[in-house]
Amino acid sequence: MASIRDIARLSGYSVSMVSRVLNQHPYVKAEKRAHIQKIIAELDYTANQNAVNLSIGKTRLIGVISPYTNHACFDKIIKGILSEAFKLNYIILLLPTNYDPQKELKHLELLKQKRIDGLIITSRANPWETIKSYTSYGPITVCEETEHPELSAAYSDRKASYQEVFTYLKQLGHSNVAFTSVREKTISNSTQQLVQAYQDIFQTPADFHYLTNCDTYEDGLRVGELFLNQKKRPTAIYANGDEIAAGIYSIAVKKGINIPEDLLVVGEEDLSIGKALHFPSMNHQLEDLGKVALQLVLNPTITKQLIPHFLTFPN
């Protein structure tokens with residue numbers, strides 16, 4: 001089996017220069033890199049990655065904790081992370097949890113075991129105190145607002161965005177407004193903010209105006225049936241995703257309800273399906289959030305960065 005010294009001898013360059021090429025060091029002249037890579041290919045040399053990682057103290061591997069792998073919002077964040085990782089020559093290890101605290105803890109242990117260089121948490125299942133305890137083993141960036149000084153954060157001002165949607169609906173004359181969320185307010189900070197924003201704008205309890213466990217188009221169909229079969233059905237519905245909004249839209253059309261005259265549907269994240277159906281959508285710029293999250297986890301300085309949101313309207 002060929003060694004790095006064999007490559008150095010045959011190429012005429014030093015072991016340190018060969019090591020630079022193997023580790024994809026940016027400051028190597030193109031002709032030197034090409035010649036050494038030619039020798040590497042001829043010898044069919046493959047580096048012992050564990051040994052390389054030990055020698056440089058890095059894996060170039062970033063873990064990304066995500067509750068789901070088939071959810072439009074988290075897909076957008078992950079797409080942004082992958083895009084930035086490709087540009088910066090890092091590998092992404094996707095770590096789904098389905099909001100299981102024990103699975104999340106196992107993923108956090110990867111940081112302690114030095115099997116990853118850093119960790120991005122798109123949405124957490126464990127309390128802050130548990131998450132913070134792992135920052136002594138490596139950098140952690142979260143995708144929600146937090147004041148904890150140990151954690152970097154790339155986040156949207158969710159409450160402000162929710163208030164903007166409800167204010168928009170109120171200004172249009174809607175008072176009977178319903179909305180949806182992923183998780184119960186008892187376990188989700190964003191749902192708490194959603195409920196509070198509704199109550200702040202409409203000055204009424206939200207208890208009978210929203211449904212949880214909404215993730216997919218099929219959930220939108222379920223929500224549409226429940227809300228639109230009410231005796232006093234809502235005149236506007238804010239869905240926590242364009243796919244969910246599309247499901248509600250489909251049920252409304254099936255029932256002969258005029259959109260947007262008799263029912264205004266507002267979605268989230270400005271997906272293609274929302275553009276095709278021409279309904280408004282709150283865009284939290286999740287791809288940009290993912291890109292920033294990757295940048296922050298590689299930055300030794302703890303940083304909090306707000307990603308702007310905006311309400312999009314059909315053309």
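Helix H9 (189–202) supplies 6 residues to the lining of the largest pocket, the largest share. Helices and strands here are DSSP runs, with H or I of at least four residues for helices and E of at least two for strands, numbered from the N terminus. The model is a predicted one, in which local features need pLDDT of at least 70 and side-chain atom pairs count only at pLDDT 80 or more, whereas totals for chains, interfaces and linings use all residues. Residues are numbered from 1 along each chain as its sequence is written, and side-chain values use heavy atoms, with hydrogens and water left out.

**Pocket and cavity**

Rolling a probe the size of a water molecule over the atoms shows where empty space is left. The search uses a 1 Å grid over the protein atoms alone: a cavity is a set of points where a 1.4 Å probe fits but cannot get out, a pocket is an open set with protein on both sides within 12 Å along at least five of seven lines, and lining residues have an atom within 4 Å of a point. Grid points are joined across faces, edges and corners, and a volume is the space filled by probe spheres set on the points.

At least two lining residues of the largest pocket come from each of H5 (72–88), H8 (158–171), H9 and H13 (286–297). The lining comprises 32 residues, and those nearest the pocket centre are Tyr-99, Ser-123, Arg-183, Ser-188 and Ser-190. Over the whole structure, 1 cavity of 30 Å³ or more is found. Its lining includes His-71, Asp-215, Asn-240, Glu-243 and Glu-268, and H11 gives the largest share, 3 residues.

In the table, Ala, Val, Leu, Ile, Met, Phe, Trp, Tyr, Cys and Pro count as nonpolar, Asp, Glu, Lys and Arg as charged, and the others, Gly among them, as polar.

| Space | Volume | Lining by class |
|---|---|---|
| Largest pocket | about 770 Å³ | 14 nonpolar, 12 polar, 6 charged residues |
| Largest cavity | about 50 Å³ | 3 nonpolar, 3 polar, 4 charged residues |

Two strands are taken to pair if DSSP finds at least two bridges between them.

Strand S5 (residues 152–155) runs parallel to S4 (residues 140–142), joined by 2 bridges, with Thr-141 opposite Ser-152. S5 also pairs in the parallel sense with S11 (residues 304–306), over 3 bridges. In this pairing Ala-154 faces Gln-305 and Tyr-155 faces Leu-306. Ser-152 and Ala-154 point one way from S5, Ala-153 and Tyr-155 the other way, and all are buried, where buried means under 20% relative accessible area, exposed over 50%, and partly exposed in between (1.4 Å probe, protein chains only).

S9 (residues 264–268) and S10 (residues 281–283) pair in the parallel sense over 2 bridges, and Glu-268 is opposite Met-282 in S10.

Leaving aside residues up to four places away in sequence, Tyr-249 touches Ile-259, Leu-277 and Phe-279; contact means heavy atoms within 4.5 Å. Between the C-alpha atoms of Tyr-249 and Ala-153 the distance is 34 Å, with 96 residues separating the two in sequence.

**Backbone features**

The peptide bond from Ile-259 to Pro-260 is cis, with omega near 5°, and Pro-260 lies in the loop between H11 and S9. Glu-269, although not a glycine, has a positive phi of about 85°. Glu-269 sits in the loop between S9 and H12 (272–277) and is buried at 1% relative accessibility. Asp-44 likewise has a positive phi, near 55°. Asp-44 occupies the loop between H3 (30–43) and H4 (49–56) and is exposed, with a relative accessible area of 66%.
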